[in-house]
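Work through the exercises below with the sequence and the structure at hand. Each task is followed by a stepwise solution.

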Amino acid sequence: MGGVFVLRKPRNGNKCRRFDRCITMRQTETELFSEETRMRTRETRRRRRSFFLDMILLFRTCSSNILFLSLLLLSSSFSSVLSENLSPRNQTLRPLDELNKLKAINQHLRKINKPSIKTIHSPDGDIIDCVLLHHQPAFDHPSLRGKMPLDPPERPKGHNMRGLRPKSFQLWGMEGETCPEGTVPIRRTKEEDILRANSVSSFGKKLRHYRRDTSSNGHEHAVGYVSGEKYYGAKASINVWAPQVQNQYEFSLSQIWIISGSFGNDLNTIEAGWQVSPELYGDNYPRFFTYWTNDAYQATGCYNLLCSGFVQTNSEIAIGAAISPSSSYKGGQFDITLLIWKDPKHGNWWLEFGSGILVGYWPSFLFAHLKEHASMVQYGGEIVNSSPFGAHTSTQMGSGHFAEEGFTKSSYFRNIQVVDWDNNLVPSPNLRVLADHPNCYDIQGGSNRAWGSYFYYGGPGKNPKCP
């Protein structure tokens, strides 16, 4: 195609003197511009026809509805004149994928965010919804639909009922805000929370495998444990810190595990403690959490109240909310006391915070092996190491300092106990300690009159001995 013909002013500066000559020149200019416009229009139509023919060929195996929606989305994304460098096939599914992803996220948010009768805005950015007891996510489960939470069970014998009130340890309640009786405070899940996860289906789950190399699944532990007997609960005071986590795909936690079944696909666990998880919460605050699974973290279970499972009964504690204060190196120490035990009458597993503050329970029907009892109890720390090629993460466990540094420097579990077959709270017999990677995170146990069975644990992760 030739260049555009442009009329130039005569060199002598004189204007066109003959009227008929000027008319002829203007007509020539108009005809040339008209021809140019027609040629551009034909070329644009040719390209668009070619583009949509390609799309039809590409999608001819799809249903007519999907074809129509795809072409509609694609056509709205392009201007009327397509660029020479446009590659339609590379952009074909992106708008549809995004639309489906957002649709799935919104459906999931509607499922887990229940209508509230009061909303509280926490200083840390959380939104706490006060939801009627029987409207919480647990009652979406077919076995609980239409029912109400159970009455409190009998406490284990030998349990001290004195303890810390929950209002003093969570940020959302520190300004005097409370949820009314008959409701439970639930941390609202936002769109950005789910977008940080790998997928909607993996949101709120503790994934079992993080691929690093052929010798590790990415999870590392420093724990005290008991095994070989039948256990009906566990109790400990857990030192709270705010460890540094290297990236949003890792976490650091300290918790109690109630375990039954093999360590294959039938593993049953109940878990509670505190954790720092940027992916789940979007920040680095230590947060009170619960977890459960009956198939080794594969398809069942979730954190907190993010699925039908744990039944909350308390109106003052928000599971998943930030804990404050936390301990400081060579400074003040803060710990929380947790008790998990099996109700002798109904068989459900109850969770208590402090002394006498019931949080709620895991219904026994959620489990296979834990319907009867636990075969192991663990206490301690866990981190995820996602660093590739054998390198180690700098994510901290506990205080980020090794066990040998002791009180005010290292993190601890103290007054470690178990519940026996007769609902007695007794010292943990034969408590053993184990660290997967002692050069990165270690553990040292002990016993005395003030703390009973205890251990210090944790570490900095990457260091000269843990490259």
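**Exercise 1.** Locate His 392 in the fold and decide whether this residue is buried or exposed.

Solution. 
1. The model is predicted. In it, His 392 sits in the loop that runs between β14 (374-384) and β15 (411-419).
2. The relative accessible area of His 392 is 7%. Buried means under 20%, so His 392, at 7%, is buried.

**Exercise 2.** Identify the residues that His 392 touches, leaving out those up to four places away in sequence.

Solution. 
1. The residues touched by His 392 are Glu 220, Asn 385, Ser 387, Cys 440, Tyr 441, Gly 461, Lys 462, Cys 466 and Pro 467.
2. Take Glu 220: its side chain and that of His 392 are joined by a polar contact of 2.8 Å.
3. Take Cys 440: this residue lies 48 residues from His 392 along the chain, with 8.5 Å between the two C-alpha atoms.

**Exercise 3.** Describe the nonpolar cores and state which element gives the most to the largest one.

Solution. 
1. The largest nonpolar core holds 80 residues, and Ile 256, Ile 258, Trp 362 and Tyr 379 touch the most other members.
2. β14 gives the most to this core, namely 6 residues.

Definitions and conventions. Residues numbered from 1 in each chain as written. Predicted model: local features only at pLDDT ≥ 70, side-chain atom pairs only at ≥ 80, totals over all residues. Heavy atoms only, no water. Helix = DSSP H or I, 4+ residues; strand = E, 2+ residues; numbered from the N terminus. Buried < 20%, exposed > 50% of the residue type's maximum accessible area, 1.4 Å probe, protein only. Contact = heavy atoms within 4.5 Å. Polar contact = N/O pair within 3.5 Å; in protein donor to acceptor, adjacent residues only side chain to side chain. Core = buried A, V, L, I, M, F, W, Y, C linked by side-chain atoms within 4.5 Å.
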